[in-house]
Structure formats: C-alpha cells, structure tokens
Amino acid sequence: MPKAPRATGPKGAPAKTQEPEEHALSGWGRTSPTTAALIAPDEEADIFGSVLGAAAGSRRGVIARGLGRSYGDAAQCAGGVVVDTKNLGRIGPIDPDTGVLDVGAGVSLDSLLRVGLQSGWFLPVSPGTRQVTIGGAIAADIHGKNHHADGSFCRHVSSVTLATPTGVHEVSPDNDPELFWATAGGMGLTGIVTSARVSMRKVETSWMRVDTERHDDLDSLMEGLERVDRLSRYSVAWVDCGAAGSKLGRGLLDAGDHAGVSELPAKRKDDPLAPPRRGLKMPSLVPPGLVNPLTVAAFNEAWFRKSPSRTGRLRHLGGFFHPLDAVSNWNLVFGRRGFVQYQFAVPDAQRGVVGQAIEILQEAGAPCTLAVLKRFGPEDPGPLSFPIPGWTLALDLPVGPPGLRSALRRLDGIVAGAGGRVYLAKDARLEPTRFAAMYPRLDEFNLVRRRVDPEGMLQSDLARRLGICEDPRP
Amino acid sequence: MNDAFGHPDSVLVFGGTSDIARALVRALIADGSTRVVLAGRDPAALAAAAAEATEAGAGFVDTVAFDAGDVDRAETVVDSGFSALGRVDLVVMAVGLLVDDEDAERDPVQVARCVTVNFTWPAAALSRVAHHLAAQGSGRVVVLSSVAGVRVRRSNYIYGSAKAGLDAYARTLNQTLAGSGATVTVVRPGFVRSKMTAGRRVPPLSTTPEAVARDIVKALEDGTEVVWSPRKLQGLFLLLGLVPEPLWRRLPM
C-alpha cells in the first residue's frame with residue numbers, strides 16, 4: 001500500500017502537479033488490485049483544470065483516493081485515473097466560538113485531531129481509525145461510536161468544495177441540498193471534494209470516562225447497548241464470534257463520554273489535551289497462516305476474559321476511539337489473499353439478523369477476527385449514506401475458507417430481505433441486484449449525479465462492480 | 001469487476017464448447033457471473049453452449065465463431081469478444097485439439113494443425129488479450145495447459161509439445177503483466193473424461209470437467225499461478241521429471 005507523509009499545513013513554493021504514473025492499487029483488505037494512472041495534484045485549483053480535463057480523455061473515468069482505507073475497491077479505477085488527494089493538506093484556523101474550520105480534502109482525521117486538540121476541539125465523528133481523509137469521510141459519510149447521538153460525519157459539514165466535470169461548486173445543505181446529500185456517502189461519484197467546512201466539538205481533555213460491561217450472550221449485550229445509548233454519547237460493543245450455543249454473541253460493551261479536567265488525576269492535569277501516541281509498524285513479513293481458526297479462537301477467548309466489567313475508568317481518546325491505529329499496517333497480518341469486512345445495518349425490528357449472521361459464518365467455518373456491534377440513531381438524508389436506525393455489525397473475515405463467499409452471498413439476501421444494507425466503504429464483493437435492493441434511493445442519487453457529471457466521467461471499480469452509475473464506462 | 005474472491009462478472013471463453021469450458025461457465029454463473037461470451041468453431045455446438053449458459057442464469061450471452069487454424073484472424077476474434085462485453089473480467093483460453101499420434105506423425109498437415117490450434121493460435125490471441133487487459137488495468141486469464149506438456153511422452157508428443165509451448169508462453173506472459181492489474185493462471189489438468197478423450201484408455205488419477213472447473217474457481221480465489229488438477233499430479237510429475245531420459249523413453253506411456 002503506497003503511503004505518503006501527510007501535509008499538515010500550507011505548502012511552500014508550489015511545484016507543478018506531477019505527471020500521472022501507473023500504479024496497482026487495492027483497498028485496505030488487499031483484495032482485487034487493479035492498475036490506474038495515479039496523479040497527486042499540488043493545488044485544490046488544479047483538480048478542475050488539469051486533472052478533470054486530463055481525465056476527460058480517459059475512456060475509463062476518474063475517482064479520488066485518500067489514505068486507501070476503504071476496505072474494498074471504492075478508491076480504485078482500473079484503466080482510468082485515480083486522484084491522490086495527499087497534497088490537499090490545508091488546515092484553516094478554527095473559529096474559537098463555533099469550532100468551525102476549512103480543511104483540505106487530503107487532511108487526515110489524525111492531523112485534524114492533533115491540530116484541534118491544541119485548542120480543545122475534537123472530531124465531530126470519529127471512526128475506528130484516524131487514518132481517514134476528510135474527502136474519504138465525506139464520500140463514505142462515515143459514522144462513529146456517537147452515531148446514536150450525533151449522526152454521521154456529513155451532518156457536521158456545512159459546505160464542501162466539489163470539483164465536477166461541469167464545474168466547481170460550493171455546495172451546502174442549504175444552497176443545493178440534493179447535490180450536498182448525494183455527495184455525502186456518494187463514494188466520490190458526484191465529483192472530487194477538494195475542501196470542506198467542518199464543525200468540531202469542544203472538549204476539556206483528551207481523556208474519556210469509560211464504563212465496560214461484560215455480557216454473556218447476545219440478548220444481554222444488545223439490551224446493554226440500548227440502555228447505555230440513552231446515557232452515553234459514545235458506545236460500541238465487541239463481539240466474540242467464536243462463542244456458540246448459549247454464549248452466542250457474548251461480548252464487551254464500552255460506553256464513554258469526554259472527561260472534564262476536574263476528573264483527571266493530578267499528573268494528567270498538566271497536559272489535559274495530550275495528543276494520542278503514534279501507532280507501531282508491524283514487520284511486513286508475516287508467517288503465512290498466522291490467522292487461522294485456532295489463533296482467532298484463542299485471541300477472542302483471552303480478550304473476553306481479560307476485561308472485567310468496571311465503571312468510570314479513564315482512557316485516552318486514542319485508545320478508546322482508534323484501537324485500529326495501535327499497529328498502523330495491521331492489514332498485512334492476513335497474508336497474500338487479504339481479508340474482507342462485512343458490515344451491514346438492519347432496522348430495529350430485524351435485530352435477529354445479527355445473531356443469524358454470526359451463526360451463518362460459524363457454520364461456514366469462517367473465522368471472524370474482529371466483530372463490532374453498534375446501534376445507529378436516526379438516518380441522515382444522503383440517498384447512499386449507509387446508516388439507518390437500528391443495528392450494525394462489522395465483521396473482519398480473512399479470505400480463504402471455502403464456504404465464506406457463498407455464506408456472505410446468503411447473508412446479502414437475508415440483509416436485503418430485512419430492509420438492511422451493506423456498507424459500501426467496506427464492500428469488496430456485493431452484487432448489483434442485491435446492491436439495488438439495499439439502496440432503494442439509487443435513482444434519486446443518479447438523477448443528481450447526472451446533473452453534474454452527464455458523461456459519467458466519475459467512475460470506480462466499486463461503481464462498475466455494483467452498477468452504481470447506470471451507464472458505466474467499461 | 002472481479003470481487004474480493006477473484007470471482008468475475010464478465011467472462012470471455014475461447015474454446016467455449018469444450019467440456020471443461022462449459023463446466024467452468026456453469027460453475028461461474030451459479031456463483032454469480034452474469035455476462036458471458038463464448039467463442040468456438042462449431043456454430044451448432046456454440047448455440048448449445050450458449051443456451052446452457054442462459055439456462056444457468058446468465059443475463060447476457062453472446063457467441064463468436066472462429067477457427068483456431070486461422071491465426072491471421074486471432075486479433076479480430078479477440079477484439080470482437082472484448083467489444084461484445086465492454087469490460088472483460090476473466091478470459092478463458094480453452095482451445096485445444098487432441099490428435100492420434102500414430103495417424104498424425106507422418107502427416108505434416110495434421111502436425112501443423114495440432115500445433116496451430118494448441119499453441120500458435122492461443123499464443124497469438126493471448127498477446128491481444130494481454131493488450132486489452134493492460135488497457136483495462138484489470139482482468140484475469142485462465143489458460144488450459146495440460147500435464148501432457150509438463151514432461152512430453154512419446155504416446156502423445158505432438159499435442160504434448162504444443163501444450164508445453166503454451167504452458168511456457170502463458171507463465172511468462174504472466175510475468176510480463178506484473179503491475180498491469182492483469183494476471184494469468186495456468187491450469188494443468190490430467191486425463192479428463194470428456195468428449196475430447198472419448199474412446200481412449202482411462203489412466204489412473206483421471207478427472208472430470210466439473211472437478212477441473214472447481215479447481216479453477218478455487219485458484220482464482222487463492223491467486224494460484226499454476227494449478228494442477230487433480231492436485232496429486234503435481235507430486236507425480238515432480239517424480240516423473242526425475243526419471244532419466246534413457247529410462248523415460250522405455251516407459252510404456
């Protein structure tokens with residue numbers, strides 16, 4: 001995975017945007033790499049002029065790419081042009097009263113968090129990793145542990161600068177709600193976001209007050225989540241997918257809120273807004289077969305046992321929000337074939353699908369290395385935005401077990417039948433008919449998309465695989 | 001596009017009427033492939049294979065008629081397959097012709113025909129396929145080689161040596177495609193009980209078109225470069241490769 005240092009402020013003398021180079025690109029799951037011309041514009045203004053102009057000649061379209069943390073093929077465009085936003089790193093001043101700032105599309109949540117914490121501002125929505133760009137956060141309309149309280153990311157965005165084949169638009173929920181919300185969760189297919197105006201959340205400290213509960217079965221865990229959601233801004237549960245029978249769906253529930261300065265022990269009070277530690281890097285040579293049913297079961301058992309129920313523990317927000325960042329390249333652990341993440345959401349009335357999903361994967365003999373359960377609050381207006389009120393389960397699944405693909409196809413049917421959907425930012429294997437059933441507002445999305453991109457220049461491997469744009473370039 | 005399990009949506013098959021190709025197409029459609037173009041020689045057999053693909057549930061099925069003896073048209077045939085599908089996720093090269101060596105070895109025309117169909121035409125077509133896939137930045141190729149080409153036996157040497165050429169060509173083509181987004185998988189089936197081998201003596205470790213198809217689907221998921229079908233043949237041919245030539249030529253095979 002090519003990874004470049006992040007620019008965090010205005011650059012010095014702007015160099016000319018480099019010539020595109022052919023690169024094989026894959027998502028975080030490292031499945032299905034494809035090759036595209038990769039170009040990293042130096043300036044936000046270059047995107048419309050030189051990049052989209054050059055892409056117009058490409059028969060196979062163009063898509064933006066941030067840090068490549070989409071698990072599947074959302075930020076790939078085989079045979080076309082991929083625009084790396086790494087140089088769009090501007091971070092404007094934060095309004096001290098409102099917490100609003102302008103930020104370049106290539107800025108990572110990590111950089112934004114570090115800058116924000118200096119004056120007591122935290123991210124409005126934070127996924128399990130900070131290694132996500134603002135552009136990616138908007139394209140996937142990402143959610144976090146506070147979805148039940150605060151909605152998804154784009155609810156905290158008041159405008160975006162969107163470079164489309166028909167021009168550059170300043171789009172806000174007021175001046176063009178259709179285009180704004182189509183862009184929120186639109187997987188980059190309405191244009192290339194070059195910058196956005198984001199509202200941060202005021203915090204006194206970078207510490208969280210966390211309650212952890214151990215639950216011995218799924219019903220108890222889900223009841224626990226419903227209960228803590230009424231009390232805490234942040235909640236999430238980790239599920240032991242290896243446990244079966246009466247222990248099926250046992251897990252650990254974390255509920256947290258931002259801690260005030262007065263709650264910190266004396267030694268922390270000197271630096272209440274200390275930034276998170278940087279992640280470790282794993283050696284890239286991993287013994288094959290490291291992740292197998294035995295090691296996964298042993299890990300899950302140990303994880304479940306090590307965490308007793310306790311209340312009021314102080315945890316740094318880095319560890320609480322971004323456990324995935326402890327090892328920066330953890331995706332290598334799955335070896336050559338990579339892994340998929342299956343994340344779905346179902347309405348409250350269909351909560352039974354959560355347990356059913358775990359059982360189906362157990363029957364298929366597919367070990368699940370990480371399973372995260374969460375309740376979603378009310379949905380946001382984006383026609384392709386993933387969260388719907390109800391439950392979401394995210395499962396990390398190494399590619400390899402012979403029955404995994406067909407088990408997931410079966411699950412697609414169950415999820416679609418339950419009025420649920422699969423998260424496109426994680427997807428690497430859904431099929432067009434299921435996708436269309438899961439996202440019934442697709443036509444509405446395409447109506448807006450066609451307005452700004454009548455030629456269908458914006459394309460991605462994801463869009464081609466799922467037939468998102470009705471007349472895709474090949 | 002190919003999904004995370006190496007499973008294609010659109011499939012282009014050369015030699016689409018062969019039993020292995022038909023079994024593979026049925027398996028792929030059952031697992032979700034929706035668009036298929038079958039290229040083959042015999043229009044009636046092509047129509048039957050196409051009907052079978054439609055029956056299996058493919059949403060789009062088309063055919064291209066060609067003769068693998070006509071090397072000059074290889075490029076045109078490949079181009080028409082690609083233009084029918086727009087984007088091709090998987091190309092299957094299953095063109096092949098088995099000849100009876102006792103009849104063929106004294107007949108230069110038959111020798112040339114066998115080498116052309118098993119090696120020259122597929123190689124020419126694959127070079128054009130590689131061009132298209134590199135432009136697409138994606139795509140997989142499955143080339144049906146044979147254990148007959150791994151260590152060529154006297155009883156089957158015309159076919160075997162043509163397959164040996166194709167096997168080497170396809171594996172090296174895979175190297176040239178590194179970084180392009182396209183990859184080539186070489187499949188080496190043993191004796192397959194099919195219409196191609198009808199009437200021949202069935203040796204041990206023989207297999208079926210359906211079993212070869214399953215091994216290919218699994219190899220696409222695993223990213224295996226060389227597939228032995230059945231897998232036991234790999235060990236057997238490792239041993240056969242060690243047999244000294246003076247002994248080899250006396251073996252009754």
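Two strands count as paired if DSSP finds at least two bridges between them. With that in hand, select strands β16 (residues 370-376) and β17 (residues 390-398) of chain A, which pair in the antiparallel sense over seven bridges. Click on A:K374 and look across: A:T392 in β17(A) stands opposite. Please keep in mind throughout that this is a predicted model.

**The sheet around this pair**

Now widen the selection to the open sheet of eight strands in chain A, with the order β14-β11-β13-β12-β16-β17-β15-β18 and antiparallel pairing. Which strands are at the edges? They are β14 (310-316) and β18 (421-422) of chain A, each of which pairs on one side only.

Next, pick A:A371. Leaving aside neighbours within four places in sequence, A:A371 is in contact with A:W238, A:V239, A:C241, A:L393, A:A394 and A:L395. A:A371 and A:I138 are the residues with the most contacts inside the largest nonpolar core, which has 136 residues. A second, separate core has 74 residues, and you can find it by selecting B:V11, B:L12, B:F119 and B:V192, which are among its members. In soluble globular proteins, nonpolar side chains tend to be buried together.

**A covered strand**

Go to strand β4 (residues 81-84) of chain A. Are its faces covered or open? Both are covered: A:V81 and A:V83 on one side, and A:V82 and A:D84 on the other, are all buried. Now show the strands that pair with β4(A). Strand β2 (residues 34-39) of chain A runs parallel to β4(A) and is joined to it by three bridges, while strand β3 (residues 62-65) of chain A, also parallel to β4(A), is joined to it by four. Centre the view on A:V83: A:I39 stands opposite this residue, and A:A64 has A:V83 as its bridge partner.

**A mostly covered helix**

Select helix α2 (residues 109-118) of chain A, where eight of the ten residues are buried. Colour the buried ones: A:L109, A:D110, A:S111, A:L112, A:L113, A:V115, A:G116 and A:L117. What covers them? The cover includes β5 (100-104), β6 (121-122) and α3 (134-139) of chain A.

**Zooming out to chain A**

Show chain A as a whole, with its 14 helices and 18 strands. Its radius of gyration is 21 Å, close to the 23 Å that the globule rule gives for 474 residues, so chain A is as compact as a globular protein of that length. Along the principal axes, the C-alpha trace spans about 60 × 55 × 45 Å. Of the 474 residues, 55% count as buried. Among contacts in chain A with a separation of 6 or more, residues 24 or more positions apart account for 74%.

**Last stop: where the chains meet**

Finally, bring chain B back into view. There, 20 residues of chain B are in contact with 25 residues of chain A. On the chain B side, select α5 (108-136) and α7 (209-222), the elements that give two or more residues to the side touching chain A. Coloured by type, the chain B side divides into four nonpolar, eleven polar and five charged residues.

How values were computed:
Residues numbered from 1 in each chain as written. Chains lettered and ligands numbered in written order. Predicted model: local features only at pLDDT ≥ 70, side-chain atom pairs only at ≥ 80, totals over all residues. Contact = placed C-beta atoms within 7 Å. Nonpolar A, V, L, I, M, F, W, Y, C, P; charged D, E, K, R; others polar. Buried ≥ 20, exposed ≤ 12 C-beta atoms within 10 Å, placed from the backbone. Rg over C-alpha atoms; globule rule 2.2 N^0.38 Å. Core = buried A, V, L, I, M, F, W, Y, C linked by C-beta atoms within 7 Å.
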